[in-house]
Amino acid sequence: MLATGERLRLRMMGLDDVELIDAWAASPEVKGEFNDFDLPHQSVRESVEQGRTMGEGGGTALVEQQDGTPIGTVTWHGVKYGPNIESRAWNIGISLIPAARGRGFGADAQRLLAAYLFANTAANRIEASTDVANVPEQRALARAGFVREGVQRGAQRRH
């Protein structure tokens, strides 16, 4: 278990999760308009089998309710702001199934992930990026303790 909160927990993905994660990744409804980067789907099976879902460059963890019901994933990848490891920030992201959206789970999961990364890595900064039109995610990030710093135009291309 990576992190546990009142309503959610974050954990590494196992082989039993591969079919579900692959189905989510292939579903336009689950991806939603803000997580569709027009990339070909590749199964997570090999990454899970080889223990490559978390590493020095980033990772992916499963988000589940306390009863064990999976509701999405959180991801993180490194962003360098200087030459030393302490100048690397983690940029985090989240994808929740439609039934879990709008219930505060996004804020809870991202708060748990940020706490985990601060406690277990040399990070001095955790950041998140979202589309300017993704107001629900902006609200979730604010509830999780993130502060809006600005707008990066043309930073992401989606499908």
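The chain holds 5 helices and 7 strands, where helices (H or I, at least four residues) and strands (E, at least two) are DSSP runs numbered from the N terminus. Their order from the N terminus is β-β-α-α-α-β-β-β-β-α-β-α. The radius of gyration, taken over C-alpha atoms, is 15 Å, close to the 15 Å of the globule rule for 159 residues, so the chain is as compact as a globular protein of that length. That rule is 2.2 Å times the number of residues to the power 0.38.

This is a predicted model: local features need pLDDT of at least 70 and side-chain atom pairs count only at pLDDT 80 or more, while totals for chains, interfaces and linings use all residues. Residues are numbered from 1 along each chain as its sequence is written, and side-chain values use heavy atoms, with hydrogens and water left out.

Of the 159 residues, 41% are buried; buried means under 20% relative accessible area, exposed over 50%, and partly exposed in between, with a 1.4 Å probe and protein chains only. Among contacts (heavy atoms within 4.5 Å) with a separation of 6 or more, 60% join residues 24 or more positions apart.

Let me turn to helix 1, residues 18-26. Which of its residues are buried? They are Val18, Ile21, Asp22 and Trp24. Seen down the axis, these buried residues fall within an arc of 160 degrees, so they line one face of helix 1; the arc is that of the directions from the helix axis to the C-beta atoms. Glu19 and Ala26, on the other side, are exposed. The cover over the buried residues includes helix 2 (28-31), helix 3 (45-49), strand 4 (58-65) and strand 5 (70-80).

Between helix 3 and strand 3 (54-55), the loop contains threonine 53. At 7% relative accessibility, this threonine 53 counts as buried. Beyond its neighbours within four places in sequence, threonine 53 has contacts that include Met12, Met13, Ser47 and Thr60.

Finally, helix 5, residues 135-143, has Glu137, Ala140 and Leu141 buried. Their arc, seen down the axis, is within 100 degrees, so they line one face of helix 5. Pro136 and Arg139 are exposed on the other side. Strand 6 (88-96), helix 4 (105-120) and strand 7 (126-128) are among the elements that cover the buried residues of helix 5. Just after helix 5, glycine 145 takes a positive phi of about 105 degrees.
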